[in-house]
Protein chains: 4
Amino acid sequence: MEKIKKIGVLTSGGDSPGMNAAIRAVVRAGAYHNIEVFGIYQGYKGMIENNIKLLSPRDVSNVLHRGGTFLKTARSEEFKTQEGRKIAYENLRKNEIDAVVIIGGDGSFKGANQFSKEFAIPVIGIPGTIDNDMYGTDYCIGYDTALNTVVEAVDKIRDTAGAHDRLFFVEVMGRDSGFLALRSGIASGAEAVLIPEKETIIDDLKKYLANGYNKKKSSGIIIVAEGDDAGGAYKIADLVKKDFTNYDIRVTVLGHIQRGGSPSAFDRNIASQMGINAVQGLVDGKSNVMVGLINRNIVYTPLEQSAKHNKRVNPTLLSTIDILNSY
Amino acid sequence: MEKIKKIGVLTSGGDSPGMNAAIRAVVRAGAYHNIEVFGIYQGYKGMIENNIKLLSPRDVSNVLHRGGTFLKTARSEEFKTQEGRKIAYENLRKNEIDAVVIIGGDGSFKGANQFSKEFAIPVIGIPGTIDNDMYGTDYCIGYDTALNTVVEAVDKIRDTAGAHDRLFFVEVMGRDSGFLALRSGIASGAEAVLIPEKETIIDDLKKYLANGYNKKKSSGIIIVAEGDDAGGAYKIADLVKKDFTNYDIRVTVLGHIQRGGSPSAFDRNIASQMGINAVQGLVDGKSNVMVGLINRNIVYTPLEQSAKHNKRVNPTLLSTIDILNSY
Amino acid sequence: MEKIKKIGVLTSGGDSPGMNAAIRAVVRAGAYHNIEVFGIYQGYKGMIENNIKLLSPRDVSNVLHRGGTFLKTARSEEFKTQEGRKIAYENLRKNEIDAVVIIGGDGSFKGANQFSKEFAIPVIGIPGTIDNDMYGTDYCIGYDTALNTVVEAVDKIRDTAGAHDRLFFVEVMGRDSGFLALRSGIASGAEAVLIPEKETIIDDLKKYLANGYNKKKSSGIIIVAEGDDAGGAYKIADLVKKDFTNYDIRVTVLGHIQRGGSPSAFDRNIASQMGINAVQGLVDGKSNVMVGLINRNIVYTPLEQSAKHNKRVNPTLLSTIDILNSY
Amino acid sequence: MEKIKKIGVLTSGGDSPGMNAAIRAVVRAGAYHNIEVFGIYQGYKGMIENNIKLLSPRDVSNVLHRGGTFLKTARSEEFKTQEGRKIAYENLRKNEIDAVVIIGGDGSFKGANQFSKEFAIPVIGIPGTIDNDMYGTDYCIGYDTALNTVVEAVDKIRDTAGAHDRLFFVEVMGRDSGFLALRSGIASGAEAVLIPEKETIIDDLKKYLANGYNKKKSSGIIIVAEGDDAGGAYKIADLVKKDFTNYDIRVTVLGHIQRGGSPSAFDRNIASQMGINAVQGLVDGKSNVMVGLINRNIVYTPLEQSAKHNKRVNPTLLSTIDILNSY
């Protein structure tokens, strides 16, 4: 295999805080290896539309601490077709790009994997999703920031819950996994946490609440992952309300504030490390892998495995909630 | 009139950040004047249930910076009846309480006004509402904190809006007034702000958006006050969506995070000043007034006037949005 | 007087959060009046070095929420000489700039005033200083943000002060005035505040502390404005230490974190209003004035008056500290 | 060994954010195991002075999110003597306390180890120090919060550094280790980081700076761990200044703000886990060990090993700074 001279980098799928830090690390690690790095704007869409621009190390000054992604991200139906991917490849060729770094989640990696195989172009993925559900890494970029955003929001909601003796159902992101819900529940002292990894039985929830209020607990927070099998926070609150007509039950859906904000120190650190090691991986001849952190070591996992995104939270951790937060 | 020896203090209605700072100021200003201060828990409900406790100056240590209200707040249907208010009065008598400080909004002040007249007991109101719509003061306690909470949330949403080229409708609190919506809109660079003080014409909004996107503006934020005449953010987004099917339109209702959080420096300062001057007002023989800040001076306004809460934002200020935020 | 067609805008002196919001408002208000706005980089230094660039309304996208000033600021010894100012003027002429908006403090306004008179070029000042000590406005841009930064820092220090029963001397900015010290002291519950506006008598401070500790107060915070007549926090702590050898006394100088950070909602709002009205003032033929907010109305004050910066905090407000924070 | 019925818990040494979350977890995990938990106030000092109070699960409501430690911490010279420790032990006996959980750093653990051996009382340590330098755990409670505090402070300083083209030396905590300095340096894009683990050669630093400025880099941040062998930030800045007289060099010592603040989600999570597993360890008959997290698993390390605190940052990680932050 020949030496890589030009790399493309793009962000794809849902954005997450720290993606800019990862882009910056790819660009500067590229410079360190004498590799030119091209920013591909709007993900695969930009690859097809040749929305590609050389990025100098100075072009990524002042992005480390910023939320979102300055390369933007977009969906591309066209990239799901072979014709689309062919155009994308030709654009890479035009720019003499030898390899691509994809920052995103499992959907983005599936596309990357297929693309890499069709056109024999090296591809490395960097896991960026607040859901933290990628296989092959302990932490995904953006998860720690989103967790802090949720916890700060729940701290605020608890102020008003406590003032009014109210029960709040707070819905957080997480379609397939409960990392954000469970860890924010522990950190905010939530009375209960409902996650996709465990069947939610409404009658059990009602019993738990009845018991809590019997203990003279007058206000409370229940965290609901959006992907919980019993439905979202509004639906579950409705089911509970019927039997707790004398309680003041409220619902808050935290929504898109969870995707934004200046990345935490933790996310900036892992984004920097992953960015450096994505480039290192390409230099070392790796392809079709995702760079991840397992036990604080850099690990490369085949995209095929990581794209199945079967990392799910261990529901036995829910016992922490039972032990600590039921008073 | 005899010298006041014992004061009761309560928080009522919706809670707002800085209420604890106001309670603290009342308790300590009381001590300064050799007046004992009693905390009445859960607002008028606690007055009826004699949920009343002496507060020493040290009891309010470590509350200055906390959101919510440690005296709690509650609705009381009973206080709306003469029988209820009579019981409440008798409880004050039992505790030898000579006067009451009410921290809350216009609904609370209406009750206070009636109560004061029926039983000839001095009452002074302190305006605490994130809506900032009380007549007789430039600023209500909690408004500045809520404004910062909204602006920080919109900053986060803008990160993800910009990454995806999305248009967000963000609903903020404000049933009758647009202070929070307008000022957060200016401060966050929102493309448009919809407030109760100005009729919302959906066709005009559509034209504005069409024009904005023609100028190649690809993402945007529209702030909607919950009390806007065209409906909440979800309804307005639906009306707009039909004609902008190619845009990715999202809705976020910020909800109860706006009521919580550690109060801003501004809110702690005005809460401290208002608390001191509520007690000073009682010492000076004032009654049935709200203490407020107008042009940074302490002003006492009859509760009857302030309780009409007709302070509304000047819709001509919307021109600031037009001048600054349409690019 | 002829219609103004091109305006220059610069930031000068110490930077303060919200300066970017003010620049943005000047640029976009210019566009509203069909006036071109040029950014003059690095203050008067850039004027002399012709470091001047046209700014379009889109060039100031995404700066509203950022601390610092993207136009940068610098000292210029050369601008203090007539030769220097002449070169500066010639550069304005080259760029056909008709008028200048100066965002800064009193030192910057003195230079602006002299420059305007020498070359008959209209100049308008916008007050930006965290010290808040400009005559002609209730609030300067950056003061509210700096106040919140100080209060958040003192909240953190209080955590550790309380854990250890320590007495902290915390030095905050303010060479000539005590706004930041006094208002942060009220908002953080500081046990004492030492400001330039009032003579600091170390013996009185010692008595106060001795009394406080006799009351079993075990930890505490004393805020010292850097310009206090008794010296900075380190010096005062040294003087006190001798007589309190059994106490654990610590000193923290908050330093330059006070100048940075994303501006608060309040600062973004006043910066936006002042920027719009600086341009409006020029359009209306005003010159050699500072735009300010007095009682929430826009007021133009001659630069000669505002540049004397004799606004000082009213030391009677220190009674608030005595009433509220001595427990 | 008999079943443990009563546990004492104390915080000792420098406080760190998340200690309250750990105390709460110990108290509630105790309740889960039907063990009574006693708070020992002011560390070993309180053990000697019998400042000990039963804590119910409800007594630790509302402390999870608070900085500092409500049990307080103090130094105790007396505990370093055998007489002192004997009195301490007798007080435990009086309260029928069977075992003790110590939350603190290596100094506290040395005392605990000796005490446990002398009096055959089970002791378990929980690592709480922002320095993160305890052997036997990847993370200590408070480190992540302090890291974010530093990064937010440096973000603010960069605003003003960039506005003025200044070079800042920022001193952060870390007497023996550079975790805080190195990770905050990566996360804030610091141009250089000086840590105790690597000899600081002033000439090399000067060369690096000269090179940076030649590349037209006009502002910068250098993070200095307080325990760096070349001295603190002030001393190093002085040494550098001589050769860079044309640069505006400033120094900020972040100080005690690093110890305070509401704990991050990460610290609340690890504090909760460690607290639960400290009690579990005692129930399982463990003694003289520290509970830690290694590769996200609970690990118990003999106090003798952990108290040597020889965990130091790997200086090869400094290459991350070289690769990413030299532009």
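**Contacts between chains and between domains**

Between chain A and chain D, 18 residue pairs are counted in polar contact, both members of each pair being at pLDDT 80 or more. This count, like every value that follows, was computed from a predicted model. The elements of chain A that give two or more residues to the side touching chain D are α1 (19-32), α5 (143-164), α6 (179-188), α9 (265-283) and α11 (318-324). Of these, α9(A) provides the largest share of the side of chain A that touches chain D, namely 7 residues. Sorted by class, the side of chain A that touches chain D holds 17 nonpolar, 12 polar and 12 charged residues.

The extent of this interface can be described both by residues and by area. In the contact between the two chains, 41 residues of chain A meet 41 residues of chain D, and chain A and chain D bury about 3,700 Å² between them, with 55% of that area on carbon and sulfur atoms. Within chain A, the residues that lose the most area to chain D are A:Ile323, A:Leu324 and A:Tyr327, which together make up 18% of what that side buries. Charged pairs also cross this interface, since the rule finds 4 salt bridges between chain A and chain D. One pair that forms a salt bridge is D:Arg296 with A:Asp138, whose closest N and O atoms are 2.8 Å apart.

Chain A is superposed on chain D by a rotation of 180° with 0.0 Å of shift along its axis, at an RMSD of 0.0 Å. The two copies are therefore related as by a two-fold rotation axis. In chain A, the C-alpha nearest the axis belongs to A:Asn295, at 2.3 Å from it. The same surface serves both copies, as 100% of the contact residues of chain A recur in chain D.

The residues C:Lys156, C:His256 and C:Ile257 supply 25% of the area that chain C buries against chain D, which is more than any other three residues supply.

Over all chains, the count of salt bridges comes to 68. B:Asp165 forms a salt bridge with A:Lys72, with the closest N and O atoms 2.9 Å apart. This pair crosses between chains, from B:Asp165 in the loop between α5 (143-164) and β6 (166-172) of chain B to A:Lys72 in the loop between β3 (52-55) and α3 (82-94) of chain A.

Contacts within a single chain were considered last. The domain assignment divides chain A into domain 1 (6-142 + 263-308) and domain 2 (143-259), and the C-alpha centres of the two domains lie 34 Å apart. Their contact takes 17 residues from domain 1 of chain A and 14 residues from domain 2 of chain A. Domain 1 and domain 2 of chain A bury about 1,100 Å² between them, 51% of it on carbon and sulfur atoms. In domain 1, A:Ile130, A:Asp131 and A:Asn132 lose the most area to domain 2, together 45% of what that side buries. Across this domain interface the rule finds 0 salt bridges, whereas 10 residue pairs are counted in polar contact, both residues being at pLDDT 80 or more. The residues on the side of domain 1 that touches domain 2 divide into 7 nonpolar, 6 polar and 4 charged.

Terms used. Residues are numbered from 1 along each chain as its sequence is written. Chains are lettered from A and ligands numbered from 1 in the order in which they are written. This is a predicted model: local features need pLDDT of at least 70, side-chain atom pairs count only at pLDDT 80 or more; totals for chains, interfaces and linings use all residues. Side-chain values use heavy atoms; hydrogens and water are left out. Domain bounds come from an automatic or database domain assignment. Contact means heavy atoms within 4.5 Å. Buried area is the accessible area (1.4 Å probe) that two parts lose on being put together, summed over both. A salt bridge is a side-chain nitrogen of Lys or Arg within 4 Å of a carboxyl oxygen of Asp or Glu. A polar contact is a pair of N or O atoms within 3.5 Å; within protein, one must be able to donate a hydrogen and the other to accept it, and residues adjacent in sequence count only if both atoms are side-chain atoms. Ala, Val, Leu, Ile, Met, Phe, Trp, Tyr, Cys and Pro count as nonpolar, Asp, Glu, Lys and Arg as charged, and the others, Gly among them, as polar. Copies are superposed by least squares on the C-alpha atoms of residues with pLDDT of at least 70 in both. Helices (H or I, at least four residues) and strands (E, at least two) are DSSP runs, numbered from the N terminus.
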